[in-house]
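Q: Can you walk me through this one? I'd like the overall picture, then some local details.

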Amino acid sequence: MGASNWGMIWTAVMPLTVILYYFFRKKYKDQHVSSTLFWQERMKELQASPYLKKLQHHLLFYLQLAALLLCVLALIEPFSESETLAGNDFIFVVDTSATMLAGSPAHFEQQQQNMKSLAAQAGGKPVTIVTTGTSPKVIIRNEQNLEQVEKAIDQLMVNYESAEIEQTILFADTLAVNDSTIIHIFTDSLDRSVLANKTGQSYHVHGFTETLRNVSVRQFGLSKTEDGTRGIVQLVNNSEEALPAIVRLSSGSVEKEVTVELAATEELLVPFEDLPDGMLWQATVEVADDYLADNTMATYLAPPVGEVTIDSVLHELIASGFRSLSLDVRLSESSQLQPDSGVPLVTNQPDLLEGQTPILLFGRNDVSPFEVSGQIETKPHPLFTYASLEDVYVSQLYPPIEGYETIAQIDEQPFIQVSPKGDIVVLTDVQLTDWPLSPSFPLFLWSAMESLSGDAEFLGYFQPNEHRSVSLASKTGEWEIFRDGSYSHSYIEGSDPFIAPAEPGIYKVVGDEKEMTMVVQLSSQEKMLSAGSTYKMGQAEALQDMVRFSFVPYLIALILLLIVVEWEVYRRGITTR
């Protein structure tokens with residue numbers, strides 16, 4: 001504590017003057033008179049408020065003295081000082097991915113309290129809040145009102161998307177005002193290597209060091225056999241201790257379960273034989289772990305893909321890849337391809353994309369390729385659920401097709417695109433890449449065929465909040481999305497890209513008299529927990545480390561209150577004389 005205007009201490013003579021006035025004022029003595037006039041009324045007043053009457057002679061003095069002392073105290077401007085956060089403005093990067101729901105209480109709730117604590121220590125300095133995800137969002141910008149900051153923090157929610165935290169940090173860097181900006185990152189775990197080459201700003205990472213127990217349903221698949229349906233559930237124990245678990249498969253009223261024991265860090269395949277007929281199944285693992293979001297996974301048993309027609313001008317490796325999937329591969333001359341046959345077609349003729357047949361376009365025969373170099377960057381999409389393109393090399397790409405969604409790119413140039421009706425475009429030739437030598441190539445072909453031959457009652461698999469062009473058509477142009485009978489949101493055809501719900505699960509998409517099923521699944525990244533830490537990197541130029549809180553407004557309020565009380569005491573004294 002301190003005072004910023006000690007020069008006004010001389011005003012302390014004012015209360016001393018009042019005290020001297022009371023010492024030397026003219027005094028009166030009581031004089032008894034032989035009169036009983038108004039005696040009874042006077043006694044009633046004294047009996048009604050005896051304590052007030054006893055203080056009546058001195059209360060005004062005390063009130064006046066207290067008011068003057070507070071005036072003197074206000075004139076010297078007292079204040080208290082407290083340390084504030086280093087830096088002059090702050091950016092809070094908040095991880096809203098699914099793994100923030102781990103722990104008890106959840107890591108996300110704990111980080112909300114941490115953010116509120118830091119916001120209170122900011123001392124009125126500007127605070128900006130940015131949430132992670134495929135498209136980072138600014139919740140508030142340069143807000144100095146603590147109540148507004150706390151309100152924004154309370155309204156934050158987990159969106160289940162992959163954090164994409166590197167991308168979010170790059171976005172937060174663009175919001176930094178100067179070198180005194182501190183970026184606080186609230187997450188569960190962030191490797192130091194992510195910030196190793198960043199020198200422009202100061203970063204404070206708030207993580208968790210605790211090691212949590214977690215068993216996840218990593219993959220769940222179904223296949224038709226001669227005896228019925230066979231299911232396989234892949235469990236992964238992401239813990240350092242053995243855990244017993246119950247694996248349950250359900251479809252409608254049908255349930256099957258198996259009890260298993262998972263050793264520490266074990267991956268286990270749990271088979272289910274002779275399952276009854278059912279298109280939509282859900283796998284659930286019941287286990288005493290600290291993260292529930294990855295304990296459930298659904299899958300849809302799409303009709304099997306029987307055959308595919310391949311343009312004979314394409315490289316033989318493409319046909320070999322499809323044959324490895326046990327498909328009936330038919331080679332056809334370019335001039336004899338049937339764009340309306342309904343059988344998936346693999347070609348390099350973009351003109352055929354206008355037909356109704358599902359097409360996988362490999363390269364283009366209408367334009368020339370250009371050279372590229374760099375790694376492949378992919379967006380979350382079901383085509384890459386099993387096929388990783390990290391180690392694939394591509395030397396040349398063809399120009400992209402306008403209006404198609406890009407789901408993979410090289411040097412910011414589209415590599416793989418998806419059309420509004422679901423066709424898949426690979427903008428390179430097999431001869432221009434080493435992809436056929438990678439195990440991911442047949443996996444990609446399998447995923448492509450699953451996508452191209454999709455069931456009319458199944459809309460597809462989606463990542464949380466995924467934006468995708470989908471083939472939906474109804475008379476009204478409006479579709480409603482439900483989960484377990486509860487309304488989620490609506491989609492208007494042609495207005496914006498279709499946005500999947502945030503929470504994983506099974507949803508119904510209803511339009512007019514048509515109903516489709518869609519499945520929202522967590523990405524594999526959101527099924528792994530790792531212990532983190534809290535650390536700092538970089539150094540900010542802090543121009544103000546202390547903040548002052550003045551007591552003057554509170555003192556003025558007290559003085560005004562004393563004046564009101566003094567007036568009331570004086571009024572009562574006048575009326576009773």
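**Loops, helices and rings**

A: Thr265 is exposed, as its relative accessible area is 57%. Exposed means over 50% relative accessible area, buried under 20%, and partly exposed in between (1.4 Å probe, protein chains only).

Q: Where is Thr265 found?

A: Thr265 sits in the loop between β11 (254-262) and β12 (267-275). Thr265 is not a glycine, yet it has a positive phi of about 60 degrees.

Q: Before we go on, what sort of model is this?

A: This is a predicted model: local features need pLDDT of at least 70, side-chain atom pairs count only at pLDDT 80 or more, and totals for chains, interfaces and linings use all residues. Residues are numbered from 1 along each chain as its sequence is written, and side-chain values use heavy atoms, with hydrogens and water left out.

Q: Back to phi. What about Asp274?

A: Asp274 has a positive phi of about 55 degrees, and it is not a glycine either. Asp274 is found in strand β12. With a relative accessible area of 47%, Asp274 is partly exposed.

Q: How many helices and strands are in the protein chain?

A: The protein chain has 9 helices and 33 strands. These are DSSP runs numbered from the N terminus: helices are H or I with at least four residues, strands are E with at least two.

Q: And how much of the chain is buried?

A: Of the 577 residues in the protein chain, 46% are buried. The accessible surface comes to about 30,900 Å², and 52% of that belongs to carbon and sulfur atoms. Areas come from the Shrake-Rupley method with a 1.4 Å probe; for residues, only the protein chains shown count as cover.

Q: New topic. How do α4 and α5 pack?

A: Helix α4 (residues 107-121) and helix α5 (residues 146-154) pack at an angle of about 170 degrees, with axes 10 Å apart. Axes are lines fitted to C-alpha atoms, for helices over the stretch in contact, and angles run from 0 to 180 degrees between N-to-C directions. The two helices, α4 and α5, are therefore roughly antiparallel. Under 35 degrees counts as roughly parallel, over 145 as roughly antiparallel, 65 to 115 as roughly perpendicular, and the rest as oblique.

Q: Which residues make the contact?

A: From α4, Gln112, Met115, Lys116, Ala119 and Ala120; from α5, Leu146, Val149, Glu150, Ile153 and Asp154. Contact means heavy atoms within 4.5 Å.

Q: Are Trp435 and Phe441 buried or exposed?

A: Trp435 and Phe441 are both buried. Ring pairs also link Phe362, Phe415, Trp435, Phe441 and Phe444 into a cluster.

Q: Last one. What is Ser332 in contact with?

A: Leaving aside neighbours within four places in sequence, Ser332 contacts Thr309, Ile310, Asp311, Ser312 and Leu337. Ser332 lies in strand β16 (residues 328-332). Its relative accessibility is 14%, so Ser332 counts as buried.

Notes:
Rings of Phe, Tyr and Trp (its six-membered ring) pair if their centres lie within 6.5 Å; planes under 30 degrees apart count as stacked, over 60 as edge-to-face and the rest as tilted.
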